[in-house]
Amino acid sequence: MAERTTPDDVDVIVEQWRRERPDMRPEPMAVFGRVYRLARLVGDAQEQVYARWGITRGEFDVLASLRRAGAPYTLSPKALTAALMLTSGGMTGRLDKLERAGLLRRSPDPADRRALQVTLTDAGRRVVEEAVDAGLEVQRRILDALPADDQARLADLLRDLLAAVEPERP
């Protein structure tokens with residue numbers, strides 16, 4: 001078992017609530033306060049890494065979705081919007097910027113001329129390949145604070161929590 005760390009700011013907040021509201025059970029704050037803080041700090045670190053390629057974390061997500069789709073690295077704007085849980089307006093802004101940068105292209109869908117398809121360009125593929133490797137390195141450095149068994153257990157526990165709150169998928 002990993003050695004316990006010293007109390008942190010989240011512990012202070014939980015204890016303050018216990019003191020001020022003895023009737024309250026603030027234990028969930030110990031988990032979610034850390035999840036929120038960790039997500040913010042790691043997100044900020046990822047944002048700095050992706051900036052080397054002139055993209056934001058959100059733009060990286062678009063490029064990565066296209067790359068993960070496999071060759072020919074093409075998805076519809078609707079599929080991207082659903083995958084990234086964005087509004088169509090939010091997606092349009094990202095696609096506009098990435099298209100101007102030459103990292104993707106939009107073209108008519110050959111199966112339905114009324115629809116569009118979004119395709120990763122060769123330049124976009126190079127950017128996402130390099131950026132994903134650099135981003136994973138940041139994540140590995142952070143996770144290296146935990147033994148491998150704890151990393152796997154944490155991933156399992158977080159999957160269980162997400163399953164408890166995410167809508168069921170077909």
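Biologist: How far apart do the end C-alpha atoms of residues 28–163 lie, and what share of the span is helix or strand?
Modeller: Those end C-alpha atoms are 17 Å apart. The span is 70% helix and 12% strand. Keep in mind that this is a predicted model.

Biologist: Which UniProt annotation covers residues 28–163?
Modeller: An unreviewed UniProt entry annotates them as "domain: HTH marR-type".

Biologist: On to the sheet. How many strands form it, and in what order?
Modeller: There are 3 strands, in the order 1-3-2. The sheet is open and the pairing is antiparallel.

Biologist: How many bridges join strand 1 to strand 3?
Modeller: 2 bridges do, and the strands run antiparallel. Strand 3 covers residues 112–120.

Biologist: What stands opposite Thr74 in strand 3?
Modeller: Thr119 does.

Biologist: Which strands does helix 3 touch?
Modeller: Helix 3 (residues 57–68) packs on the sheet and touches strand 1, strand 2 and strand 3. Its direction makes about 100 degrees with that of strand 3.

Biologist: And where does helix 4 lie?
Modeller: Helix 4 (residues 77–84) lies across strand 1 and strand 3. It runs at about 55 degrees to strand 3.

Biologist: Back to helix 3. At what angle does its axis cross that of helix 5?
Modeller: Roughly 80 degrees, and the axes come within 10 Å. Helix 5 spans residues 88–100. The two helices are therefore roughly perpendicular to each other.

Biologist: Which residues meet there?
Modeller: Helix 3 brings Gly58, Glu59, Val62 and Leu63. Helix 5 brings Met91, Arg94, Leu95, Lys97 and Leu98. By type, the contact has 5 nonpolar, 1 polar and 3 charged residues.

Biologist: New topic. How many salt bridges does a search of the whole structure find?
Modeller: It finds 16. One of them joins Asp8 and Arg34, with the closest N and O atoms 2.8 Å apart.

Biologist: Where in the chain do Asp8 and Arg34 sit?
Modeller: Asp8 is in the segment before helix 1 (9–20), and Arg34 is in helix 2 (residues 27–51). The pair links distant parts of the chain, 26 residues apart.

Biologist: Last one. Is the peptide bond from Ala71 to Pro72 cis or trans?
Modeller: Cis, with omega near 10 degrees. Pro72 is in the loop between helix 3 and strand 1.

Biologist: What about the phi of Tyr73?
Modeller: That phi is positive, about 60 degrees, although Tyr73 is not a glycine. Tyr73 is in the loop between helix 3 and strand 1.

Terms used. Residues are numbered from 1 along each chain as its sequence is written. This is a predicted model: local features need pLDDT of at least 70, side-chain atom pairs count only at pLDDT 80 or more; totals for chains, interfaces and linings use all residues. Side-chain values use heavy atoms; hydrogens and water are left out. Two strands pair if DSSP finds at least two bridges between them. Helices (H or I, at least four residues) and strands (E, at least two) are DSSP runs, numbered from the N terminus. Contact means heavy atoms within 4.5 Å. Axes are lines fitted to C-alpha atoms, for helices over the stretch in contact, and angles run from 0 to 180 degrees between N-to-C directions. Angles under 35 degrees count as roughly parallel, over 145 as roughly antiparallel, 65 to 115 as roughly perpendicular and the rest as oblique. Ala, Val, Leu, Ile, Met, Phe, Trp, Tyr, Cys and Pro count as nonpolar, Asp, Glu, Lys and Arg as charged, and the others, Gly among them, as polar. UniProt positions are given in the numbering used here, feature names are shortened, and annotations may be inferred rather than shown by experiment. A salt bridge is a side-chain nitrogen of Lys or Arg within 4 Å of a carboxyl oxygen of Asp or Glu.
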